[in-house]
Amino acid sequence: MNGAPLTLQLLNFCAALLLLLSFAMLSQRRIVNLVNLLAVQGSVLLLATLLLAARTGQHHLYLSAALTLGLKVILLPWLLHRLIRRLGVYWDAEPLLNISGTMLVGVLTVVFAFGLAQPISQLASTATRNAIGIAVAVVLLSFLMMITRRKAMSQVVGFLSMENGLFFGAMSATYGMPMVVEFGVALDVLVAVLVLGIFFFQIREQFDSLDLHHLESLREEAGHGGRS
Amino acid sequence: MRPIEVVTQLLELAAALAAAPLFLGWINQCRAWLQNRSAPSIWLPYRGIAKLFHKDAVIAVRASALFRLAPYIVFGAMVLAAGIIPSMGTRLPFTRIADAIALVGLLATARVFMSLAAMDVGTAFGTLGARREMMVGFLAEPALLMIIFVASLISATTALPAITEHLATQTLGLYPSLAFTAVAFTMVLLAENARIPIDNPATHLELTMIHEALLLEYSARHLALMEWAAALKLFNYACIGFALFIPWGVSTGQEAPLALLASIPVLAAKLIVAGGALALIETVSAKLRVFRAPEFLATAFLFAVLGLLVHLLLGA
């Protein structure tokens with residue numbers, strides 16, 4: 001590692017920080033903190049994008065950094081905070097697996113992700129190819145978070161953090177996706193959060209709670225409805 | 001064995017013995033400031049120890065020799081540990097006998113004897129404290145070992161002075177793995193030294209205390225030694241942290257006595273900053289329930305493992 005240029009070291013540091021933030025999210029019970037962590041994750045991503053842009057001189061990366069700043073650091077956390085305030089959900093219920101158990105599964109996930117990314121990083125020719133493993137790990141950890149959480153709100157945060165992981169993966173494997181794709185994904189994410197926000201209100205109106213295991217009873221009621 | 005090495009060794013031991021209560025006093029003072037209380041004197045731990053040495057010891061009727069011997073064993077282990085940790089110089093004659101893993105073992109020995117002595121008298125609180133102490137210890141030790149392994153992987157040796165020397169003399173670089181392990185180490189330090197998220201050093205509420213419960217039956221010189229040993233333990237942990245994560249300023253190699261002299265103010269500065277940081281952490285965090293302690297230490301272990309994985313992946 002010694003002798004590597006400073007920007008590369010900083011990039012690797014950002015990668016490690018992203019992994020750390022994923023674990024912090026996995027262990028966090030308060031939804032407000034979860035959203036704050038998401039904003040921090042967006043900021044680290046922004047920093048990584050800027051560093052990579054400065055290092056490779058690819059101008060479209062500056063554009064995607066601006067996109068990250070506008071969308072992931074400012075707009076989405078703000079939207080989510082507003083949703084939390086209006087819905088009055090501040091805590092997630094106890095996750096399906098307790099925190100220590102989730103953490104251990106998380107470590108195994110990271111090992112798996114690193115193994116998975118090994119062949120990919122050998123194919124990549126970018127300077128940041130080592131970070132691909134971390135990107136895959138962030139994606140899988142967000143996935144794990146979506147699986148273990150009950151409240152719809154935390155699942156959305158997991159979804160957004162998964163997108164962050166994918167973005168970082170694309171960045172470290174090929175120095176970013178084409179601009180069109182990036183804009184498309186950004187728009188998708190924005191729309192998804194807006195639509196899910198409307199869904200939250202609907203879910204709460206139906207079940208008086210954002211706990212998603214209530215949704216499982218929908219099936220039976222639909223069956224009754226069909227018969228009558 | 002060169003004379004300068006012997007001087008370094010003796011100086012380190014003397015500094016540890018003298019500065020450990022001072023470090024504790026400094027932390028207490030910082031905590032008082034942060035909590036808007038009027039601060040106790042920084043010399044208070046010395047006065048407490050001196051006062052206890054002048055008192056007559058009271059020992060429980062059923063106490064065995066183990067109870068009487070334990071303070072000396074614990075204190076001895078801590079002094080020996082202080083001799084192994086390179087806080088000022090890395091060329092120490094003592095360190096040839098023990099590497100970092102042996103150091104962890106030494107700290108564990110002290111813990112075992114402390115717990116045995118607490119159980120020896122047979123009071124309920126002593127037993128309770130001993131059990132909790134062992135629980136914390138058995139969770140904290142793997143994390144501490146893992147932390148040391150990360151540093152060992154980077155410098156390819158388990159000898160603490162060699163690790164420090166390697167980390168201090170190489171070109172400056174960012175080590176994400178070391179950053180992870182530094183967080184883990186801070187958590188282990190807090191847990192092992194009965195600091196706030198796990199145990200409150202200022203408490204005398206029997207149901208929540210761990211460290212104080214172990215010392216409940218001790219008085220006079222035994223208690224003084226135990227408290228001095230606790231201060232030394234905190235000092236040792238701080239010095240392990242410095243050796244692994246901020247090794248700069250330690251005199252390495254075969255330099256003149258000048259480097260050794262220069263390392264004294266550096267160590268003092270590190271201790272002052274670390275004490276302030278520790279007080280800050282303790283002030284902003286609340287004490288966890290005992291049943292949350294495994295979660296806290298599992299997180300520390302996780303951070304250490306993450307550090308290891310990141311080191312293997314990124315090579316940094």
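Predicted model: local features only at pLDDT ≥ 70, side-chain atom pairs only at ≥ 80, totals over all residues.
Residues are numbered from 1 along each chain as written, chains are lettered from A in the order written, and side-chain values use heavy atoms, without hydrogens or water. Local features need pLDDT of at least 70 and side-chain atom pairs pLDDT 80 or more, while totals for chains, interfaces and linings use all residues.

In the interface, 21 residues of chain B are in contact with 22 residues of chain A (heavy atoms within 4.5 Å). The two chains bury about 2000 Å² between them, 74% of it on carbon and sulfur atoms (accessible area, 1.4 Å probe, lost on being put together and summed over both parts). B:L174, B:L313 and B:L314 supply 32% of the area that chain B buries against chain A, more than any other three residues. Between the chains, the count of salt bridges is zero (Lys or Arg side-chain nitrogen within 4 Å of an Asp or Glu carboxyl oxygen). Two elements of chain B, α7 (176-192) and α11 (293-314), each give two or more residues to the side that touches chain A. The largest share, ten residues, comes from α11(B). Helices here are DSSP runs of H or I, at least four residues, numbered from the N terminus.

The second largest cavity has a volume of about 90 Å³ (on a 1 Å grid, points where a 1.4 Å probe fits but cannot get out; volume is the space filled by probe spheres set on the points). α3 (59-87), α6 (152-174) and α7 (179-207) of chain A each supply at least two lining residues. The largest share of the lining, five residues, comes from α3(A). Lining residues, with an atom within 4 Å of a point, include A:L67, A:F167 and A:E182.

Key:
1 Å grid on protein atoms, 1.4 Å probe; cavity = no way out; pocket = protein on both sides within 12 Å on 5 of 7 lines; lining within 4 Å.
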